[in-house]
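Dear colleague,

Please find the structure below, followed by a short account of what was found in it.

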Amino acid sequence: MISTKGRYALRVMIDLAEHGGEKPVPLKDIAERQDISKKYLEIIVKELVKGKLIAGASGKGGGYKLCRRPEDYTVGEIIELMEGTLSPVACLADPDIQCPRKEICKTLPLWAEFDGLVHDFFYGKRLSDLLA
């Protein structure tokens, strides 16, 4: 399940794509347009900045802006930054996990197929696709 943090991060990114440009967009403006508390958005944008998806500028005229063009972001990278792996089982999420049942696991092919569908779906969508 995608949490509010992941969903709100997508809304922030869409807002910046729609209202951004050369000048940073103040967080209070995003909060008002998206009807999300500024306090909660501060947590979200901090992670987006740390993940190098957006850049922040402080002071007068400060705010946030995208680091790339909207078509250069995938929905998958935004969601995984906020949520962590989208893999349904630990043995697919972390290649370092050596499951002793891997060779005989009857369900692993099911989880692997599902994992691929989720990955391809979210990484096949661009931020620009959500702007229409």
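At 47% relative accessibility, Phe121 counts as partly exposed (buried is under 20% relative accessible area, exposed over 50%, partly exposed in between, with a 1.4 Å probe and protein chains only). This is a predicted model, in which local features need pLDDT of at least 70 and side-chain atom pairs count only at pLDDT 80 or more, while totals for chains, interfaces and linings use all residues. Residues are numbered from 1 along each chain as its sequence is written, and side-chain values use heavy atoms, with hydrogens and water left out.

Rings of Phe, Tyr and Trp (its six-membered ring) pair if their centres lie within 6.5 Å; planes under 30 degrees apart count as stacked, over 60 as edge-to-face and the rest as tilted. By this rule there are two aromatic pairs. In one, the ring centres of Tyr8 and Tyr40 are 5.6 Å apart and the planes stand at 75°, so the pair is edge-to-face. Tyr8 belongs to helix 1 and Tyr40 to helix 3, so this pair ties together parts that are 32 residues apart in sequence (helices are DSSP runs of H or I, at least four residues, and strands runs of E, at least two, numbered from the N terminus). The rings of Phe121 and Phe122 have centres 5.1 Å apart and planes at 75°, so they too form an edge-to-face pair. Phe122 is buried, at 19% relative accessible area.

In helix 2 (residues 27-34), the buried residues are Leu27, Ile30, Ala31 and Gln34. Asp35, which follows helix 2, has a positive phi, near 55°.

Yours sincerely
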